[in-house]
Each structure stands twice: as structure tokens, then as C-alpha cells.
Amino acid sequence: VPAGFFAAEHVSFTYKGAQKPIFSNVSFSVPAGITALIGANGTGKTTLAHILTGLNEAQGVFSIEGRPVDRDGLMPHSGLVLQNADHQLQMRTVREEVEASMIAAKSAAKKHAAFWQRLKTPKLTAEEEAWVTELLTTLRLAPLAERHPQSLSGGEKQRVVIACALAKNPQILILDEPTSGLDGANMASISKLLKAEAARGRAVFLITHDLELALDTADRIVVFYAGTNLE
């Protein structure tokens, strides 16, 4: 099984109160690398992102690198960047945002630990602190590390939530319009970063309306239509 391999089988999902399902018995698999998801609004791209991170509970069977995982199992292995960064920013400083994301991932990983161990708030090791600093530097956030996230520009906020997603060291990285609010230079740096992360063995899902970005960045492109079956 290739590194970063992700598979979903017989996935079905319907929003509460809706008459028609968003997905009905859909199966697909992707290797490590960047898969761009493009298509009109309402065809299920963001819904799929939420399913892959466990935010939406769908019927189906999921596996990462050949190992079955349930909904709770998806969360620790996946990082999500939403289109609206404000929905993901809650801490007092940029550095605290990235550290909190890493601590949350460590807490999720202790799910099966003894009760008293689960009550302890994990602390970051020196190596993990260095990884936070490296992320801030790579995403050109180091000068903003002590700034309040809500004081940043839209593009800067977007880079913060990307850093938070990467801090979890996820096997699956999902980005929903990650270049929203970014200028050309920052778009190029994000594209370069995604390629580097894919080369580390991650399965990267890039949801975008930017066809140029998809063509320049992705290893493969999946076009969503109403009623799309990804098998």
C-alpha cells in the first residue's frame, strides 16, 4: 500500500431533514500526493472534506494506509483548513494557535490511554516546539507569532490555519479554498508548500475553484457534478 494511501468504500451521507443524499454508496481511493476537487457549489466538495475529518458522520468504511479507521479515528489523522479562517482561530496569539492544534492532536492520540492519563493536558516536547517554530518560519508567520490572530489580514489568517493543520502532522490534509484572500506571491508559496507536504507521503485534498491552481499544483483532478460517483 503506498504511503499516505486513503480509501473510502460505500460512503453515504444525507443532511438531516434533506430528501436527497449528498453521497450514495460512493467508493474511491487516492495515493499520497495532491488530489484537486473542483466543481460547482453544492456538489458535495466541502461535505466530503467534513466527512474525511470526522466532522460529518457518514456511513461507510474508511482506511488509512490499509488500516480501517472509524469516524473518531479519522480526526487525529487529518488536518482541515476551512475557507473562512475566522472559524478556526480562538487563541490569544498566533504561536498559541499552532501549539494548541498540536496539543489537541496529542490529546486525541491518548484516546485509548488509562483514565488518569487522559485527564492530563499534554505538554509539547522541545522537538515539537522546534516544529512549531519551523512551521511559523516556513509560512512567514514568525514575525507575527505574538500577534492576536484576529488582528491579522485575511491572507495571514489563512496561513495560520494552514500551520495549525500541519502541526497535527496529518496523513490526510484537506484544504477548502486555501488561497482565498492570498496574493500571487503567497499563492505560489502555498502551492510549493503543498507539493512538499505531498512529497512527505501525505494524501492532500485541495478543494478549489481556481483551475490554474489545480493544474499547477495537483497530481490528479476530480470534477464534481450533481450526482457524481467517485468509483
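Visitor: How many aromatic pairs does the count come to?

Guide: The count comes to four aromatic pairs, where rings of Phe, Tyr and Trp (its six-membered ring) pair if their centres lie within 6.5 Å. This is a predicted model, in which local features need pLDDT of at least 70, side-chain atom pairs count only at pLDDT 80 or more, and totals for chains, interfaces and linings use all residues. Residues are numbered from 1 along each chain as its sequence is written, and side-chain values use heavy atoms, without hydrogens and water.

Visitor: Why is the pair of Phe6 and Phe62 called stacked?

Guide: Planes under 30 degrees apart count as stacked, over 60 as edge-to-face and the rest as tilted. The ring centres of Phe6 and Phe62 are 6.4 Å apart and the planes stand at 25°, so the pair is stacked. Phe6 is in strand 1 and Phe62 in strand 4, 56 residues apart; strands are DSSP runs of E, at least two residues, and helices runs of H or I, at least four, numbered from the N terminus.

Visitor: What makes the pair of Phe6 and Phe205 edge-to-face?

Guide: Their planes are at 90° and their centres 6.3 Å apart, so this pair is edge-to-face.

Visitor: Why does Phe205 count as buried?

Guide: Buried means under 20% relative accessible area, exposed over 50%, partly exposed in between (1.4 Å probe, protein chains only). Phe205 has 2% relative accessibility, so Phe205 counts as buried.

Visitor: Why is helix 6 described as largely enclosed by the rest of the structure?

Guide: Of its 14 residues, 12 are buried, so helix 6 is largely enclosed. Among them are Gly155, Val160 and Leu166.
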